[in-house]
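Subject: Structure handover

Hello,

Here is the structure you asked for. Please open it first, then read my notes below.

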Amino acid sequence: MGYWETVKRVIEEADIIFEVLDARFPERSRNAKLESLVKGKGKKLAFIINKADLCGKRAVEKKARELSREAPCIFISAKMRQGTNALRKAVGELAGGRHVRIAFCGYPNVGKSSIINRLARKKSAGTSPRAGFTKGMQKIRASKGVMLVDTPGVIPLEEGDECIMAMLGTKNPEQLKDLEGTGLDVAEALLENNREAINEHYKLGPDFNGDAEALLEKIAFSRNRLLKGARPDLNAAAKILINDLQKSEIRIGRKPVEVAEK
């Protein structure tokens, strides 16, 4: 069964679908086709902004406010075991006292299986950074009246989507076909919404106003990644940028989110 066939089956099986997004770039980790399928089937859609520990509180809350204009939205950190109680509360409110089945969809590596395991209070859904890791489908009880579809709907990434692959960590730099081009795309995406974090991480200073190519050049010069003639090695700089992002070394916002309940 193909990825989209699995996604469609997951949607059919559920009453409420959570689209799981990456807190660092929620808009880029949304999928219009998924959201259209959910609405077309008359199912409830809600957003989970996961990996909130990698973002500052102000940045995450701003994104949550924007998304909540379209659908219910909650931010959590499955890895840090933060926000699970708030998520359970949101599930209860969406269920409205009815018996419901909950499903989770999203791109690879956004944390769908980890969220299922937190809600189920046990390791029921396997986790892996490999796209499409979860096979079969089963339902597990999360609480009275709430069943979880434990097979996440893994939205397929097209081969041309190397920028989002790099940002989500589904391909490491060595696996990218066009490392420099993808590095430029990632740099542009980060500068678009997270310039302050980039400037701070690479110690560029608040006055750095350059574009994606200028950023890679700055990284190359600062890390002494040079070609003949003291020209900046943009491939090497792209690798550094993508590795730093995938290793969560670039923090969006100054102070990490602190969610009180575990």
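How many bridges join strand 4 to strand 7? There are 2, and the two strands run parallel. Strand 7 covers residues 153-154. In that pairing, Gly106 stands opposite Val154. Bear in mind throughout that this is a predicted model.

Overall picture

The protein has 262 residues, and 52% of them count as buried. Its secondary structure comes to 9 helices and 9 strands. Take the contacts with a separation of 6 or more: 66% of them are between residues 24 or more positions apart.

Strand 4

Strand 4 spans residues 100-106. Of its 7 residues, 6 are buried, so the strand is largely enclosed by the rest of the structure. Strand 1 (residues 16-22) pairs with strand 4 in the parallel sense, over 4 bridges. Within it, Ile17 has Ala103 of strand 4 as its bridge partner. Strand 6 (residues 146-149) also runs parallel to strand 4, joined by 3 bridges. There, Ile102 stands opposite Leu148 of strand 6.

Helix 1

Helix 1 runs over residues 3-13. Trp4, Thr6, Val7, Val10 and Ile11 are buried in this helix. These residues cover an arc of only 155° around the axis, which puts them on the same side of helix 1. Their cover includes strand 1, strand 4 and strand 7, along with helix 2 (32-40).

Helix 3

Which residues of helix 3 are buried? They are Val60, Lys63, Ala64 and Leu67, in a helix that spans residues 57-67. Note that a lysine, Lys63, is on that list. Seen down the helix axis, the buried residues fall within an arc of 100°, so they line one face of helix 3. Arg58 and Arg65 are on the other side, and both are exposed. The elements covering the buried residues include strand 1, strand 2 (44-50) and strand 3 (73-75). Helix 7 is also part of that cover.

Helix 7 and helix 8

Two packed helices are described by the angle between their axes and the distance between the axes. For helix 7 (residues 179-201) and helix 8 (residues 212-222), the angle is about 95° and the axes are 8 Å apart. The two helices are therefore roughly perpendicular to each other. Helix 7 brings Glu180, Gly183, Leu184, Ala187, Glu188, Leu191 and Ile198 to the contact. Helix 8 meets them with Ala212, Glu213, Leu215 and Leu216. By class, the contact has 7 nonpolar, 1 polar and 3 charged residues.

Asn193

Is Asn193 buried or exposed? Its relative accessible area is 60%, and the cut-off for exposed is over 50%. Asn193 is therefore exposed. In sequence, Asn193 is 134 residues apart from Ala59. In space, their C-alpha atoms are 9.9 Å apart.

Where to start

I would begin with strand 4, with its parallel partners strand 1, strand 6 and strand 7. Then turn to the contact of helix 7 with helix 8.

Best regards

Key:
Residues numbered from 1 in each chain as written. Predicted model: local features only at pLDDT ≥ 70, side-chain atom pairs only at ≥ 80, totals over all residues. Heavy atoms only, no water. Buried < 20%, exposed > 50% of the residue type's maximum accessible area, 1.4 Å probe, protein only. Pairing = 2+ DSSP bridges. Axes fitted to C-alpha atoms, helices over the stretch in contact; angles between N-to-C directions. Parallel < 35°, antiparallel > 145°, perpendicular 65-115°, else oblique. Contact = heavy atoms within 4.5 Å. Nonpolar A, V, L, I, M, F, W, Y, C, P; charged D, E, K, R; others polar. Arc of directions from axis to C-beta.
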